[in-house]
Amino acid sequence: RREVTREDIRYITVPEEECDAFSLSNAVMAGDRAAALSVLSVMKFRQVKPEFALAEIAGLYSNMYMTKLLKESGATTTDIAKIIKVHEFKVGLYLKATEHATLDRLKRSLELCLDADLAMKTYGKRNYEQIEKLICLL
């Protein structure tokens with residue numbers, strides 16, 4: 001066929017509102033690698049610095065790890081929100097996202113973020129390849 005349909009365009013693109021750091025975090029938190037890679041590709045096309053994307057992912061895993069750790073230590077949602085300085089609603093999202101994750105798994109995810117950061121800084125690999133690998137490993 002020679003005609004491009006609306007469905008074709010939707011299939012190969014990501015809408016504008018779905019291509020920011022918030023969308024990247026949501027996709028990563030949901031464990032949706034395909035969506036995270038899709039948002040990342042748009043961020044790459046828009047020439048968003050890869051360091052920003054990595055910081056978003058690392059910050060997300062840091063907050064999820066702290067939330068899980070504090071919850072397992074007996075902290076309330078309100079306490080956790082005050083400690084990590086986010087709204088209680090976000091704490092609820094973190095708790096839901098980490099419901100089936102162990103602290104060891106979350107810690108390993110943070111280590112993978114550190115490895116990607118180190119590769120970007122040490123070896124001059126300041127590109128999206130490190131982040132794409134990270135998303136696939138999370």
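Predicted model: local features only at pLDDT ≥ 70, side-chain atom pairs only at ≥ 80, totals over all residues.

**Contacts of E88 and the helices around them**

Let me begin with E88, which, apart from its neighbours within four places in sequence, is in contact with T77, T78 and A81. E88 belongs to helix α6, which covers residues 88-97. Its relative accessibility is 38%, so E88 counts as partly exposed. A second residue, G31, lies 57 positions from E88 in sequence, and the two C-alpha atoms are 21 Å apart in space.

The protein chain has eight helices and zero strands. Following the sequence, one reads the pattern α-α-α-α-α-α-α-α. The C-alpha trace spans about 60 × 35 × 25 Å along its principal axes. The chain has 138 residues, of which 33% count as buried.

I turn next to pairs of packed helices. Two packed helices are described by the angle between their axes and the distance between the axes.

Helix α3 comprises residues 33-45 and helix α8 comprises residues 129-137; they pack at about 170°, and their axes are 10 Å apart. How are α3 and α8 oriented to each other? An angle over 145 degrees counts as roughly antiparallel, and α3 and α8 are therefore roughly antiparallel to each other. The crossing in which α3 passes α8 is right-handed. On the α3 side the contact is made by R33, A36, L37, L40 and K44, and on the α8 side by I131, E132, I135, C136 and L137. Sorted by class, this contact of α3 with α8 has seven nonpolar residues, three charged residues and no polar ones.

The second pair is α4 and α5. Helix α4 runs over residues 50-72, and helix α5 over residues 77-84. These helices pack at an angle of about 140°, with an axis distance of 10 Å. α4 and α5 are therefore oblique to each other. Here, too, a handedness can be given: α4 passes α5 in a right-handed crossing. From α4, the residues N63, M66, T67, L70 and K71 meet T77, I80, I83 and I84 of α5. The classes in this contact of α4 with α5 are five nonpolar, three polar and one charged. T77 has already been mentioned, as one of the residues in contact with E88.

Staying with α4, I would draw attention to L69, which has its place in that helix. L69 is partly exposed, because its relative accessibility is 31%. Between L69 and S25 there are 44 positions in sequence and 20 Å in space, C-alpha to C-alpha. S25 itself is in helix α2, residues 21-29. Is S25 buried or exposed? With a relative accessible area of 7%, S25 is buried. Beyond its neighbours within four places in sequence, S25 is in contact with E56 and L60.

Q47 is located in the loop between α3 and α4. Phi of Q47 is near 65°, which is a positive value in a residue other than glycine. Q47 is exposed, at 70% relative accessible area. K85, in turn, is in the loop between α5 and α6. For K85, phi is near 60°, again positive in a residue other than glycine. K85 has a relative accessible area of 73% and is exposed.

Finally, I come to the cysteines. A disulfide is a covalent bond between the sulfur atoms of two cysteines. How many disulfides does the count give? The count is zero.

Notes
Residues numbered from 1 in each chain as written. Heavy atoms only, no water. Disulfide = S-S within 2.5 Å. Axes fitted to C-alpha atoms, helices over the stretch in contact; angles between N-to-C directions. Helix = DSSP H or I, 4+ residues; strand = E, 2+ residues; numbered from the N terminus. Parallel < 35°, antiparallel > 145°, perpendicular 65-115°, else oblique. Left-handed = near helix turned anticlockwise from the far one by under 90°. Contact = heavy atoms within 4.5 Å. Nonpolar A, V, L, I, M, F, W, Y, C, P; charged D, E, K, R; others polar. Buried < 20%, exposed > 50% of the residue type's maximum accessible area, 1.4 Å probe, protein only.
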